[in-house]
Every structure is written in C-alpha cells, then in structure tokens.
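Okay, thanks for coming, everyone. I have one model to walk through, so let me put it on the screen.

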Amino acid sequence: MAPRFVLAFTLSARCFVAAAQTTQPGAPASQPSRPEVSAAQLVAMAQQKKDAGALGEASQLVRAALESDPANTEAHLLAGEISFEARDYDAARDHFKLVLDVDPVNFRANLGYGKILNANRQYRQAANKLETAERVASDPQRMVDVRRALAYAYAGMGRVNDAVTKAEEAVKLDPQSLDARQTLVEIRLAAADRTPAQLEPALTDAEAYVQKNKDAVQQKPWDKERLQRLDSAYELLLSALRTLHNSFYERDLRRQVTNALVSGKQAEAAAALNRTAEVVSEQAALQLTLKEYDAVMLAAKAVEYEPKNLRYLENLASLYQRTNDRDMAVQTCRRILELKPDHEGARQYLEAVGESPASRPASEPSSRPVP
C-alpha cells in the first residue's frame with residue numbers, strides 16, 4: 001500500500017480563506033465586508049485546479065472547504081479523488097467511506113472505493129462496489145471508467161469472459177478512449193494464458209492501440225506524454241507478439257516452451273519474428289527521441305545561463321528540430337539570427353518551415369516557454 005500522503009493546508013491557503021471571510025481590522029464600520037467564500041465555491045475552485053493537474057493547490061482548497069463544512073459530500077468526494085491520484089489510498093478510502101456511510105449508492109464514492117480495492121487486489125469486494133456504481137451511473141463517460149475498473153476486478157477474480165466483455169463495452173462506449181483500449185489489450189493478454197482463443201484478438205487490439213497512439217502523437221509530435229504512452233503501447237504489442245511466437249513451439253511436461261517448433265508452423269513463427277523486429281526498431285527510434293527530451297532540458301538550461309552563447313543556441317535549435325517542436329525551434333533560430341544575422345543554418349530552417357527570419361514583435365508570446 002502506498003505511504004500516506006498528507007494533504008497540505010499551507011499558510012497561503014489559510015490567508016486566502018481568512019481574507020475572503022473577514023474584514024480588515026480597524027476598517028470603518030460603514031465599509032462593507034468582503035463576500036464569504038462558501039465551501040461549494042472552494043470545491044469548484046479545487047475541481048478546476050485538479051482538472052489542470054495542480055493537485056497540490058486542489059488539495060489546499062478542498063481542505064479549506066472541509067474545514068468550513070466538514071460534512072460537505074462534494075468536498076469529500078473530490079478529496080478522495082485527489083488522494084487516489086496521489087496514490088494515497090488510505091486517505092482516499094477514508095473520504096469515500098464517509099460518503100458511503102450516509103449515501104451507500106453514491107456513484108463517485110462506489111467507483112473510487114472500488115478502484116482502491118482493485119489497487120489492493122481485493123477484487124471480489126471491488127466488484128461489489130463497482131457493480132453498484134454501474135447500476136447508478138448516469139454519465140456515459142464515467143461509465144467507461146466503471147467498466148474498465150470492473151474488467152480488472154473480474155480478471156483478478158478469474159472471471160475471464162466477464163472481464164473481456166466489460167473491457168469491450170468500455171471501448172464501444174468511447175472508441176477514442178486510449179485508456180479503454182489499453183484496458184482491453186491488457187485484459188485479453190491476461191486471458192490468453194488461460195484461453196488461447198483470446199490471443200489473436202489481443203494482437204489485433206494491440207495493433208489498433210499502437211495506431212491510435214501514433215495518431216495522437218501525429219497531432220502533437222512534441223508532446224512527451226503522448227510519446228511515452230506510445231512507448232508503453234509498443235510494450236503491450238511486443239508482449240502480444242512474444243506470446244504469439246511462443247504458441248508455435250512445443251511445450252514440455254511442465255507446460256514450459258521448448259526450442260522445438262510445432263510441425264508446419266515455420267511460416268507463422270517467421271512472420272511473428274519479423275513483425276517483432278519491426279516493432280522493436282520503431283520503439284528504438286521512439287526511445288531515442290524520448291532521450292533527446294532530457295537533452296533539451298539540459299541544453300535549455302545552458303542557454304538560460306549563457307543566452308548569447310551561439311554554440312549553445314545551435315545545439316538547442318537542433319534538439320528542438322529532432323523532437324519535432326517546431327515553434328521552439330523557430331524561436332531559437334530567430335535568437336541565433338539576432339546574434340549572427342548571416343547564420344545560414346538558422347535562415348535555411350526558417351525558410352524551410354515557411355517562417356520569416358525576422359524576430360517576432362516583443363509583445364507576441366511564443367506558443368510554449370523555453371523549458
């Protein structure tokens with residue numbers, strides 16, 4: 001179980017709430033007091049911070065809401081979800097349980113508690129909570145989350161067919177969901193060990209999952225998180241291919257794979273090996289790009305320390321180009337031309353991407369800050 005994560009409530013948050021709820025000492029009696037910030041408003045603000053990925057700030061705000069209104073259901077639900085994302089399962093469980101004590105069929109509390117039980121491998125209890133969530137769900141998007149979680153719970157219980165069915169239902173509800181497709185591949189691969197008939201569908205789904213991730217990367221080729229997810233998708237596909245390849249070999253009395261091919265399976269084994277080699281090669285190129293993101297951070301810091309060092313700027317521009325960050329490559333090439341107007345490499349790159357070598361006006365921000 002993950003170590004307990006204490007939701008920080010800092011002095012700044014206290015000051016924020018206090019300032020919102022009280023008047024300044026010594027203010028004239030006729031001065032109107034500042035409007036009170038309600039628990040509901042604090043929860044709404046915390047939700048916005050959570051959606052933006054600022055879990056620390058979201059934690060502070062939801063903690064302030066609970067200090068203002070300790071029985072606030074929405075605050076407990078959001079606090080539980082924030083704690084779950086922070087892998088503080090103890091705190092998350094406490095918040096969800098408080099809600100379930102007064103509202104046993106609350107959708108978010110049952111979903112959250114079920115996911116915690118899944119994480120703790122208490123699959124039977126998890127299925128009970130998640131089935132309740134499924135019965136009361138009204139939001140189709142949240143139903144995807146429920147069915148994904150149920151698929152993992154059923155798989156953990158050994159209910160392979162039910163697990164596959166729930167994973168398939170999640171994909172049907174949202175065919176664009178990468179999370180749903182990942183779940184389906186993982187469930188099919190787990191099922192293939194017991195049910196060989198799941199192997200071919202697992203491979204098909206793994207190929208589709210990789211392609212969906214490639215499409216996502218194509219839309220934002222500079223997005224490191226998308227590249228990392230594609231890398232994970234390649235791992236799932238390689239796992240499926242290895243399982244397929246092993247299925248063409250004889251097994252010994254302990255059901256372990258031997259080095260002897262099943263008679264007549266040479267062509268299938270060769271095809272599986274060739275596809276594996278292709279995927280390994282694609283993944284290697286991707287991982288090189290991911291490594292270059294680390295180099296970008298180092299090169300950008302060097303430029304921050306010496307912003308007029310031409311060699312450092314050239315290196316940074318090259319790295320931005322190799323990581324497909326066009327906007328930052330353009331910005332860096334323009335900085336190079338400010339230092340050396342006749343720099344041929346920078347000028348050629350800008351012309352190649354259809355940009356003017358002239359610098360942007362100072363008031364025009366770049367699309368993303370330099371790391």
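Predicted model: local features only at pLDDT ≥ 70, side-chain atom pairs only at ≥ 80, totals over all residues.

The chain has 371 residues, and 40% of them are buried. In terms of secondary structure, we've got 16 helices and two strands. If you take contacts between residues at least 6 apart in sequence, 52% of those join residues at least 24 apart.

Let's go to helix H12, residues 224–246.

Which residues of H12 are buried? There's a whole run of leucines among them, including Leu227, Leu230, Leu236, Leu237 and Leu238. But Asp231, Tyr234 and His245 are buried in H12 too. And what do the buried residues of H12 pack against? That would be helices H10, H11 and H13, plus strand E1, which is residues 249–251.

Two of those partners also meet each other. The axes of H10 and H11 come within 9 Å and cross at roughly 155 degrees, which means H10 runs roughly antiparallel to H11. The crossing there is left-handed. On the H10 side the contact includes Leu178, Arg181, Leu184 and Val185, and on the H11 side Leu199, Pro201, Ala202 and Tyr209 are among the residues they meet.

Now for another pair, H4 (residues 73–85) and H6 (residues 107–119). Their axes come within 10 Å and cross at roughly 25 degrees, so H4 and H6 are roughly parallel to each other. Here the crossing is left-handed. H4 brings Glu74, Leu77, Leu78, Glu81 and Phe84 to the contact, and H6 brings Arg108, Ala109, Lys115 and Ile116.

Last stop, Glu134, which sits in helix H7, residues 123–136. Is Glu134 buried or exposed? Its relative accessible area is 17%, and the cut-off for buried is under 20%, so Glu134 counts as buried. What does its side chain pair with? There's a polar contact of 2.7 Å between the side chains of Glu134 and Lys166. Leaving out residues up to four places away in sequence, Glu134 also touches Met143, Val146, Arg147, Leu150 and Glu169.

That's my tour, and I'm happy to go back to any of it.

Notes
Residues numbered from 1 in each chain as written. Heavy atoms only, no water. Buried < 20%, exposed > 50% of the residue type's maximum accessible area, 1.4 Å probe, protein only. Helix = DSSP H or I, 4+ residues; strand = E, 2+ residues; numbered from the N terminus. Contact = heavy atoms within 4.5 Å. Axes fitted to C-alpha atoms, helices over the stretch in contact; angles between N-to-C directions. Parallel < 35°, antiparallel > 145°, perpendicular 65-115°, else oblique. Left-handed = near helix turned anticlockwise from the far one by under 90°. Polar contact = N/O pair within 3.5 Å; in protein donor to acceptor, adjacent residues only side chain to side chain.
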